[in-house]
Structure formats: structure tokens, C-alpha cells
Amino acid sequence: MTFQDFDFGDSLLDGLDAMGYSQPTPIQAQAIPIILDNKDLIACAQTGTGKTAAYLLPILDKITQLPDDQRHLNTLILSPTRELAIQIDQQIEGLAYFTGVSSIPVYGGGDGPAWNQQRKALAGGCDVVVATPGRLIALLQMGEINFGKLQHLILDEADRMLDMGFFDDIIKIIGQLPAKRQTMLFSATMPPKIRKLANTILQHPEQISIAVSKPAEGVLQQVYMVYDTQKVRLLKHILKNGDFGSVIVFVSTKDMVKKLDEELRRNRLVCKAFHSDLDQKEREEIMREFKNKNIPILIGTDILSRGIDVEGISLVVNFNAPHDAEDYVHRIGRTARAERTGTAITFINDKDQRKFAAIEELIGAEIPKLAIPPELGEAPVYNPAAKPKTDDSKRRPAGKSRPKRR
Ligand code: AMP
């Protein structure tokens with residue numbers, strides 16, 4: 001199957017060509033005909049499958065065929081985070097480059113000029129709005145937006161939006177949209193609360209599902225059993241001995257992000273910390289530098305795990321075990337984007353064994369456990385059925401003697 005099979009207009013095909021997309025991915029092959037057919041859709045698809053273009057392409061094609069008076073504020077895309085909103089907007093910019101379709105990302109946290117730019121674009125009536133629910137609610141309450149002509153609503157990463165507590169905001173926003181519209185809901189997982197939301201806002205939806213909570217196939221997954229005190233040295237060993245291009249290291253808290261950043265810099269590794277204390281400009285600057293390959297290593301919390309779309313990330317390291325299977329799949333989905341290959345390494349301490357065993361069960365795969373280099377000392381044994389015996393944080397690193405009693 002090729003993109004020509006969908007009868008897209010030439011200007012959109014030119015955009016696809018420029019983006020280097022030659023063939024639809026499976027989610028695109030399934031979703032595009034349904035969306036072109038004006039049906040509601042509920043799609044279960046993980047990140048990295050090409051789900052964004054799966055809804056953007058048919059919508060962009062439809063917009064190009066509309067008369068001018070039906071185009072403005074035609075489509076609303078709701079995203080859980082500003083990072084994902086920016087990412088979606090950038091994909092629109094690329095795909096719609098030759099079509100004349102306009103879009104604006106609307107999210108909180110920007111400075112005054114950004115806020116004014118958003119308001120101006122909305123008042124001027126751009127075609128597609130990509131928004132986080134919080135900021136959109138604020139604008140709606142100020143009476144800044146009239147969605148009277150809206151034809152398409154897309155909820156991207158709907159499970160994440162609900163996890164972040166946006167259910168009420170979403171319902172409020174939808175209350176201000178025309179009842180007659182086409183609605184598409186994309187989610188990596190389908191827990192009951194997503195079904196409930198879908199039943200409330202979709203009408204006779206078609207359903208498609210592309211591998212639930214399964215990592216993309218091109219990811220080589222590995223685990224090191226390790227004590228907390230060995231983690232930094234193991235990470236340095238991996239980074240210094242492997243031939244990796246762009247690397248993301250996931251850490252559980254922003255304080256740990258900052259600490260690890262300092263530690264790696266002390267060891268002459270070029271890296272940057274990405275966390276919620278940075279303002280929007282700083283975040284965008286770091287992402288730009290990372291995308292341009294000027295920064296090889298990015299250290300961050302789960303704020304980085306969703307929607308960050310950077311080509312050529314060859315290694316993802318989970319310095320701390322992810323909270324659950326969904327987070328695991330999202331984190332490691334940062335590598336092996338669009339059928340390329342990559343490696344995902346997870347450090348598991350004694351305490352995280354059971355949690356990781358549950359993740360393995362959910363993704364239906366047992367991840368190989370690798371031995372740490374002998375110079376790091378003895379590692380814990382993987383045995384998730386056993387109760388953790390030690391308080392991991394109090395373990396001595398290899399080679400260090402027991403502190404003397406005073
Ligand atoms: P997504 O799952 O939407 O986050 O997309 C993952 C990555 O795949 C992004 O970098 C897209 O630009 C890329 N992509 C999406 N569709 C295609 C395609 N048909 N061919 C090649 N790359 C694609």
C-alpha cells in the first residue's frame with residue numbers, strides 16, 4: 001500500500017515526500033480510510049507507530065478541500081503536555097507545508113508574547129488548534145475562542161490526559177464544541193475510564209488496535225540487576241564503552257536528574273538536565289540542541305517519556321525502574337522510532353524486582369538480565385518471587401569498607 005491509494009491531494013503528497021514518508025505504517029493504513037469516511041474512531045496505538053500522522057493526514061486532506069468559510073478553527077487536537085502539543089504542531093507544519101493549512105499550538109507556561117501570539121492566531125482563525133486542556137479552558141472562559149465551525153476533534157494520548165486529571169476539563173471543552181462533529185480518540189492503553197470517556201463523547205465509533213502496551217519491535221531490551229550505589233558507575237561504564245548517538249536517561253525525580261547531570265559532567269560526559277524547573281524557553285532550547293545532536297545525552301524525568309519525537313535516539317536508560325508497564329513502554333518508545341532500531345537498558349535494584357516482573361508480564365516478554373562488569377562488585381540476584389532482604393540505599397559499593405563505629 002502507498003499513500004497514493006488514499007487519493008490525497010497533490011499538495012499533501014508533496015509534504016509526505018518532503019518528510020520522507022514513503023509507505024503508511026499499519027496504524028495509518030487502518031485509520032486513514034475510516035477518518036476519510038467521516039466516522040468516529042477509537043484507536044489503541046502506542047507511541048512510535050506513526051499514530052500522529054494517522055489522524056493528521058486525512059484531516060489535513062479534508063481541510064484542503066473545504067471552502068474558506070469552513071476552514072477556520074476547523075480542527076481541535078487535545079494533548080496532555082505542551083511538549084507533545086509542540087511536537088504535533090511541528091508535524092503539521094511539515095506535512096501541511098505545501099497545503100496552506102495553518103496551525104497553532106496552545107499551551108500554558110509561555111511568556112507574554114507567546115500568550116498574545118496564541119490569542120491573535122485564534123482570533124484570526126487558524127485551521128488547526130493543538131492545545132493542552134488547561135490553557136484551552138482558560139481561553140474559553142475568557143471568551144477568546146469560538147469553536148462554532150469546528151468539524152474534527154482529536155484526543156491524543158487520552159489515557160495520559162486522564163491520568164493527569166483532565167477528565168472534567170475535557171468534558172467542559174467538549175461542551176463548547178458543536179455536537180455534530182467527527183471525534184477521534186487515540187490512546188496507548190484502554191483502561192475502563194477510557195472506555196467510559198469514549199462512550200460519552202464518540203458516536204458509533206470504529207475501533208482499531210495496534211499492539212496494546214507492547215514495545216516497538218526494533219527495541220533491544222536489556223536489564224541490569226544493580227544496587228543503587230553501583231548505578232552511576234554502571235551508567236558511566238555503558239556510556240563510555242558503547243558507541244551511542246543520542247541517549248536519554250530517565251530518572252525518577254528532578255533532584256536526581258540534577259545530581260546525575262552534575263556527576264556525568266564531572267566525568268566529562270556532555271549532557272543536559274531536562275526537568276520541570278526549567279522555563280519553556282530553556283526546555284525548547286535544550287530540545288533543539290538535542291535534536292541537532294549538539295547534546296548527546298539528555299537526563300530527565302517522565303516528562304520526557306511521552307511525545308518527544310527525536311530521530312536517531314539509539315539508547316534509552318531507565319536509571320530508575322519505571323512506575324508501570326505503560327511508563328516503561330512510553331520511555332523505551334523514545335528509541336527505535338518508526339521502525340528503526342535502538343537499545344533500552346533498565347537498572348533494577350532489589351526493591352524494584354517485583355514491579356519489573358509485573359511489567360514483563362504485561363508486555364508479555366522476559367527481558368534478558370545482563371551481568372554488571374566485575375569491577376563494580378557483586379550485584380543483586382533477580383528473583384522477584386523473593387521478598388527484598390536489604391535496604392538497598394544502605395548497601396556498600398564494591399571495594400568500600402564498612403564505616404567505622406564511633
Ligand atoms: P508517532 O507514533 O506519531 O509519534 O510517530 C513516530 C515517528 O514516526 C515520527 O518521527 C514520525 O515522523 C514517523 N513517521 C510517522 N509515519 C511515518 C511513515 N509513514 N513513514 C516514516 N516515518 C513515519
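Leaving aside neighbours within four places in sequence, Ile 92 is in contact (heavy atoms within 4.5 Å) with Leu 56, Leu 60, Ile 77, Tyr 97, Ser 103, Val 128 and Val 130. The model is predicted, so local features need pLDDT of at least 70 and side-chain atom pairs count only at pLDDT 80 or more, while totals for chains, interfaces and linings use all residues. Residues are numbered from 1 along each chain as its sequence is written, and side-chain values use heavy atoms, with hydrogens and water left out.

Ile 92 also belongs to the largest nonpolar core, which has 37 residues; Phe 8, Leu 41, Leu 57, Ile 77 and Ile 92 touch the most other members. Such a core is a set of buried Ala, Val, Leu, Ile, Met, Phe, Trp, Tyr and Cys residues joined through side-chain atoms within 4.5 Å. Buried here means under 20% relative accessible area, exposed over 50%, and partly exposed in between, using a 1.4 Å probe and protein chains only. Two or more residues of this core come from each of α1 (10-19), α2 (26-36), β1 (41-45), α3 (51-64), α4 (82-95), β4 (128-131), β6 (182-187) and β7 (206-210). These elements are DSSP runs numbered from the N terminus: helices are H or I with at least four residues, and strands are E with at least two. The largest share, eight residues, is supplied by α3. Another core lies apart from this one, with 35 residues that include Leu 78, Ile 173, Leu 197 and Leu 202. In soluble globular proteins, nonpolar side chains tend to be buried together.

Arg 181 sits in the loop between α8 (167-175) and β6. Arg 181 is buried but has no salt bridge, and Asp 40, the nearest side chain of opposite charge, is 6.3 Å away. A salt bridge would need a side-chain nitrogen of Lys or Arg within 4 Å of a carboxyl oxygen of Asp or Glu; Lys and Arg count as positive, Asp and Glu as negative, and His and the chain ends are not counted. The Arg 181 side chain does reach the backbone oxygen of Ile 201, at 3.1 Å.

Two backbone angles also deserve a look. Most residues other than glycine have a negative phi. Asn 38, in the loop between α2 and β1, has a positive phi near 65°, and Leu 73, in the loop between α3 and β2 (75-78), has a positive phi near 50°. Asn 38 counts as exposed at 51% relative accessibility, whereas Leu 73 counts as buried at 6%.

Methods. Polar contact = N/O pair within 3.5 Å; in protein donor to acceptor, adjacent residues only side chain to side chain.
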